[in-house]
Amino acid sequence: MKKLNEIKISGISLPLYAGLVLILAIAIALGKLPLNMLGITFMLVLLGHLFYWIGQKTPIFNTYLGGGSVMTLLLAALLNSFHIIPKNVVTATNTFMNGGGFLDFYIAALICGAILGMNRNLLVKASARFIPISLVTMVIGFLATGGMGVLLGQGFGHSVLYISMAQMAGGVGAGITPLSQIYSSALHTSSQSIFSQLAPATTLGNLFAIIGAIILARGFAKTKYNGHGVLIDVDKSELEKPKMELDASKIGVGLMFAFGIALVGVILNNFVPKVHSYAFMIIVVFILKATNAVPKSLEDCVVMFNQVIMTNLTHAVLAGIGLAMMDLSILVKTMTPSFAILSLTSVVSMGLASWFLGKIFGLFPVETAIGAGMINNSMGGTGNIAVLSAADRMEMIAFAQMANRLGGAIVLILGGILVQIFS
């Protein structure tokens with residue numbers, strides 16, 4: 001028993017953790033798990049930390065296959081695929097993650113803390129180079145996927161409309177959902193049928209992006225191309241972050257400020273609906289940081305809040321994504337060699353393009369390839385978290401969201417034009 005107590009999962013002894021899992025299992029079996037913030041949060045935190053721990057302890061998987069992050073996504077998705085978790089619980093989880101605002105909560109903390117906690121000079125220098133690279137990379141991915149479609153007999157138009165643009169649209173809610181409506185309006189068909197054609201590419205592209213990020217992070221870990229989470233080479237003193245003692249009242253202040261900025265993004269989105277609220281939030285925080293408008297004491301409060309959320313909820317978010325938002329059955333049904341090759345072409349071409357462009361413009365190639373190449377094939381905010389977590393690059397969330405939301409907005413605008421040309 002003493003040896004079992006020495007085994008810790010997120011600071012909790014194994015016997016106590018097993019007891020908590022038993023409580024969860026009984027509640028689900030009896031149909032008594034509260035399908036609200038209490039029950040769903042308990043389930044996701046408990047399963048997320050457990051699956052992450054398993055991934056980190058599994059040989060080979062923890063070294064070459066993404067470790068805890070990928071294991072959490074995979075095991076959570078399998079719980080849904082094999083109906084181990086009841087359908088009503090999965091549905092409630094999806095509602096909680098999206099409609100309930102759990103992802104908004106997490107991403108608001110992440111973006112504000114990541115940008116305000118970053119060195120100002122590093123942020124300004126890196127952004128001026130990163131954004132153009134991200135946009136050029138998207139053009140290259142678009143042309144490469146279309147060209148491969150011609151070679152495979154799938155056609156340029158079909159390949160770019162239903163695979164390339166689906167993967168670059170920025171996810172489901174802010175990506176392929178409005179894109180399917182744009183296509184259906186032009187083609188005079190139901191948006192649901194269009195959505196079902198776009199969704200597989202979005203899902204598979206995200207999986208390939210996770211694998212690509214892992215390969216880049218692991219394969220070039222000890223090379224000069226690796227910035228270890230930093231885009232641009234700067235003096236090490238600029239990267240040093242003073243240790244902060246967590247203060248409960250300051251964490252509350254950080255929460256209020258981060259959520260206030262998130263609401264500013266929502267308000268601005270009301271006036272310019274084509275630009276996502278996340279994009280506006282990034283722009284506002286970026287301006288505040290670049291102009292030194294936020295006092296250091298307030299910055300520290302937001303960074304504290306970020307640390308608390310990152311430490312306690314990242315694994316829960318991954319569990320939620322896997323359980324409610326990764327449908328493995330859709331992939332199995334649509335997986336044909338040509339479909340897989342086209343999806344992979346988008347990821348590989350954008351990864352290679354951003355790698356070399358990053359090198360040319362003085363950015364670390366590994367970080368640029370992950371942040372501009374892999375991320376622009378991910379499922380928006382949830383996909384960004386999955387890709388960066390697998391590559392151990394969560395400090396790049398602000399750049400990831402920047403690339404994803406800006407690129408997604410451009411895809412939606414172009415989608416309405418191109419669907420009329422290629423259809």
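# Questions on a predicted model

Modeller: L46 lies in helix α3 (residues 37-57). A helix here is a DSSP run of H or I with at least four residues, numbered from the N terminus. The model is predicted, with local features needing pLDDT of at least 70 and side-chain atom pairs pLDDT 80 or more, while totals for chains, interfaces and linings use all residues. Residues are numbered from 1 along each chain as its sequence is written, and side-chain values use heavy atoms, leaving out hydrogens and water.

Biologist: Why is L46 counted as buried?

Modeller: Buried means under 20% relative accessible area, exposed means over 50%, and partly exposed lies in between, with a 1.4 Å probe and protein chains only. L46 has 5% relative accessibility and therefore counts as buried.

Biologist: Which residues is L46 in contact with, leaving aside its neighbours within four places in sequence?

Modeller: Contact means heavy atoms within 4.5 Å. With those neighbours left aside, L46 is in contact with Y17, L20, V21 and L24. Its C-alpha also lies 9.7 Å from that of I9, a residue 37 places away in sequence.

Biologist: What makes P132 partly exposed?

Modeller: P132, in helix α8 (residues 120-151), has 39% relative accessibility and therefore counts as partly exposed. P132 and A403 are separated by 271 residues in sequence, while their C-alpha atoms are 9.6 Å apart.

Biologist: Why is I421 called exposed?

Modeller: I421 is found in helix α20 (residues 397-422). Its relative accessibility is 54%, so it counts as exposed. I421 also belongs to a nonpolar surface patch of about 580 Å², together with L406, I410, I413, L414, I417 and F422.

Biologist: What makes these residues a patch?

Modeller: Patch residues have over 30% relative accessible area and no salt bridge; nonpolar side chains (Val, Leu, Ile, Met, Phe, Trp, Tyr) are joined within 5 Å, and like charges within 9 Å. The areas come from the Shrake-Rupley method with a 1.4 Å probe, and for residues, only the protein chains shown count as cover.

Biologist: How do you know that helix α19 is mostly covered?

Modeller: In α19 (residues 380-390), eleven of the eleven residues are buried. They include G380, N384, I385 and A390. After α19 comes D392, whose phi is positive, near 55°. Helix α9 (residues 156-168) is likewise mostly covered, with eleven of its 13 residues buried. V160, Y162 and Q167 are among them. G170 follows α9 and has a positive phi near 100°.

Biologist: Which residues of the largest nonpolar core touch the most other members?

Modeller: A nonpolar core is a set of buried Ala, Val, Leu, Ile, Met, Phe, Trp, Tyr and Cys residues joined through side-chain atoms within 4.5 Å. Of its 130 residues, those touching the most other members are M43, L44, Y106, Y183, M281 and I385. Helix α15 (residues 296-325) supplies the largest share of this core, 13 residues.

Biologist: Why is N376 called buried?

Modeller: N376 is found in the loop between α18 (365-374) and α19. Its relative accessible area is 2%, so N376 is buried. Its side chain makes a polar contact of 3.0 Å with that of S134.

Biologist: What makes a pair of atoms a polar contact?

Modeller: The two atoms are N or O within 3.5 Å; within protein, one must be able to donate a hydrogen and the other to accept it, and residues adjacent in sequence count only if both atoms are side-chain atoms.

Biologist: What makes a pair a salt bridge?

Modeller: A side-chain nitrogen of Lys or Arg must lie within 4 Å of a carboxyl oxygen of Asp or Glu. A search of the whole structure finds three salt bridges. R393 and E367 form one of them, with their closest N and O atoms 2.6 Å apart. This pair links distant parts of the chain, R393 being in the loop between α19 and α20 and E367 in helix α18, 26 residues apart. R393 is at 5% relative accessibility and therefore buried, and E367, at 0%, is also buried.

Biologist: What separates D300 and K296?

Modeller: They are four residues apart in helix α15, which means a separation of about one helical turn.

How values were computed:
Helix = DSSP H or I, 4+ residues; strand = E, 2+ residues; numbered from the N terminus.
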